[in-house]
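Open the structure in your viewer and keep the selection tool handy. We'll go from stop to stop, and at each one you'll hear what to select and what is there.

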Amino acid sequence: MAERMLKFTAVERETPAKRPAAARGGDFHEIYADFIDAKAAEQASRCSQCGVPFCQTHCPLHNNIPDWLRMTAEGRLQEAYALSQATNSMPEICGRICPQDRLCEGSCTIEQSGHGTVTIGAVERYLTDKAWEEGWVQPLCAGPDRGRSVGIVGAGPAGLAAAERLREAGYAVTVYDRHDRAGGLLIYGIPGFKLEKDVVERRTRRLAEGGIEFRQNFEVGRDATLAELRAQHDAVLIATGVYAARDMVVPGVGSAGVIPALDYLLASNRVGLGDAVPAYQSGELNAAGKSVVVVGGGDTAMDCVRTAVRQGAKSVTCLYRRDRANMPGSAREVAHAEEEGVTFEWLAAPRAVLGEAERAAGLRAARMRLGPPDATGRQAPEEVEGGDFELAADLVIKALGFDPEDLPALFGAEDLAVTRWGTLKADFKTMMTSIPGVFAAGDIVRGASLVVWAIRDGRDAADAIHTYLSQPARMAAE
Ligand code: FAD
Ligand code: SF4
Ligand code: SF4
């Protein structure tokens, strides 16, 4: 093994080729090329096959990373793929959009010895893309029919991961979603330059072909109450994500030209998918030719600034109230945005939207500094007196994060318990909510999080539902 592995001292870390910023700024295609076979094998061979693999511990799915890296280095690609998909419902998606610098790669031992982490995410993506190309991805095979059904509310990664596992276990599965396409934020939130849409669509197609019923344009709360859904199924999983956008509280925030981030990204994704979007055509949700300011410092803000560049904005500025080191978004995404020409105003917070006749023309911002840590341990931003400045802006995008919607009210289910943050209360072990037979997974339990955690929760919820429906008393009752 040593001959083929442990090459990290001789082989430099290399990611797949990244398209130059000037070339990629005009389209919504992904920015990284595919690994060629030899490069994937070479990069995988850098792994030192740690006895205690911290990469695996820090992957939310506990993927068996060292083993599939070794198989990749040995050219045993089909086996490597089989191993990687055994713990991950969407490896090619995680390989593309996990913030690896904070998860698996951030804990890679060889990086700690100064050699640059193994490119785990790029190899994972390569393996599964290869598997799709070669026909190694098998159709979804339903287990022997159990005569039981599970209803899943939400076709995001949590709902889809649960649906796949439950179908494999022999349940009839119906997925309800208020949108017209399945995928949740994978399809309508995350832009194509991070995750091309055919990558998502081939996954959802496989699930539909495997017998999972998708009921799109079905909004629980509008088209059925939770109780009605519960009466139709032996168990229900709520995986609705978090969609109540936090607002800016400044004068002028109601002006035309001040828009929520998700409306903006959704319109852009729909246009990319070929839909007619009147608010995009009218310019309301389109940055072409505009001076754009995006307020926020998370992944959503990064997706907005980079979308605005691609739509042909005149200028794009990101305003964030803390500094670069303290922003919640991935450092990798900030670097991409900077390469693409985005200006960052660190330590700056909006004070007022400026303009005439209730149309935004600019933004007044306060200069901030970081004060002592607050109760959460993070340094709290404080205003610098006399530090105000103005920016031209005829499009202001609010990307300040998301809270849960009021599900008990929306679903007509006052007995559905929530935490003080509005997320659903679910038992840590059984994943069941306060309503018997109703489970919850993904962002609606964790708050805004990551795709890989939604997948993990969806898989765990499927196992918990299976355990619940397999209890002898429950079997006898049917
Ligand atoms: P969602 O993906 O939000 O799916 C929930 C689904 O439920 C949606 O399809 C919704 O239409 C449906 N739904 C909601 N209410 C109802 C109802 N009443 N009736 C029927 N259907 C309903 N994570 C990463 O790991 N990497 C990234 O690069 C990344 N980028 C992001 C960029 C943006 C712009 C955003 C907003 C998030 C990003 N995230 C990223 C976070 C990630 O997308 C989420 O953590 C993940 O999608 C959560 O999965 P989920 O299944 O819980 O919910
Ligand atoms: Fe890393 Fe994400 Fe893949 Fe886990 S799922 S190995 S964290 S890229
Ligand atoms: Fe390989 Fe890095 Fe994981 Fe160690 S921590 S097994 S070197 S990928």
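Predicted model: local features only at pLDDT ≥ 70, side-chain atom pairs only at ≥ 80, totals over all residues.

Here is the tour, starting with the ground rules and then moving to the ligands.

Residues are numbered from 1 along each chain as its sequence is written, chains are lettered from A and ligands numbered from 1 in the order in which they are written, and side-chain values use heavy atoms, with hydrogens and water left out.

**Stop 1: ligand 1**

Select ligand 1 and show what is around it. A residue counts as near if one of its heavy atoms lies within 4 Å of the molecule. There are 34 residues around ligand 1, and those that come nearest are Ile97, Asp177, Lys194, Tyr243 and Asp443.

At Arg178, a backbone N or O atom sits 3.1 Å from a nitrogen atom of ligand 1. At Leu185, a backbone N or O atom is 3.1 Å from an oxygen atom of ligand 1, and for Leu450 the distance from a backbone N or O atom to a ligand oxygen is 3.3 Å.

How much of ligand 1 does the protein cover? It covers 97% of the 1000 Å² of accessible area that ligand 1 has on its own. Accessible areas come from the Shrake-Rupley method with a 1.4 Å probe, and for residues only the protein chains shown count as cover.

Color by secondary structure next. Helices (H or I, at least four residues) and strands (E, at least two) are DSSP runs, numbered from the N terminus. Helix 9 (157-168), helix 15 (299-311) and helix 19 (451-469) are the elements that give two or more residues to the shell around ligand 1. Domain 2 (149-242 + 405-477) and domain 3 (247-402) each contribute at least three residues to this shell; the domain bounds come from an automatic or database domain assignment.

Which classes of residue make up the shell around ligand 1? There are 18 nonpolar, 10 polar and 6 charged. Ala, Val, Leu, Ile, Met, Phe, Trp, Tyr, Cys and Pro count as nonpolar, Asp, Glu, Lys and Arg as charged, and the others, Gly among them, as polar.

**Stop 2**

Jump to ligand 2. It has 13 residues around it, and Cys59, Cys98, Gln100, Cys104 and Glu124 come nearest. The shell around ligand 2 has 9 nonpolar, 3 polar and 1 charged residues.

Then select ligand 3. Among the residues around it are Cys47, Cys50, Cys55 and Cys108. Helix 4 (65-73) and helix 7 (109-112) each give the shell of ligand 3 at least two residues. By class, that shell has 9 nonpolar, 2 polar and no charged residues.

**Stop 3: aromatic pairs**

The whole structure holds 4 aromatic pairs. Rings of Phe, Tyr and Trp (its six-membered ring) pair if their centres lie within 6.5 Å; planes under 30 degrees apart count as stacked, over 60 as edge-to-face and the rest as tilted.

Select Phe28 and Phe193. Their ring centres are 6.1 Å apart and their planes are at 35°, so this pair is tilted. Phe28 is in the loop between helix 1 (21-24) and helix 2 (37-44), and Phe193 is in the loop between helix 10 (185-188) and helix 11 (197-209), so the pair ties together parts 165 residues apart in sequence.

Buried or exposed? Buried means under 20% relative accessible area, exposed over 50%, and partly exposed in between (1.4 Å probe, protein chains only). Phe193 is buried at 3%, while Phe28 is partly exposed at 31%.

Next, pick Tyr176 and Phe218, a tilted pair with 4.7 Å centre to centre and 50° between the planes. Both Tyr176 and Phe218 are buried.

**Stop 4: two last picks**

Select Lys398 in strand 14 (residues 395-398). Lys398 is buried, with a relative accessible area of 12%, and its side chain makes a polar contact of 2.9 Å with that of Asp247.

Finish at Ala357, in the loop between strand 10 (348-356) and strand 11 (359-373). Its phi is near 50°, a positive value in a residue other than glycine, and Ala357 is exposed at 81% relative accessible area.

Conventions
Polar contact = N/O pair within 3.5 Å; in protein donor to acceptor, adjacent residues only side chain to side chain.
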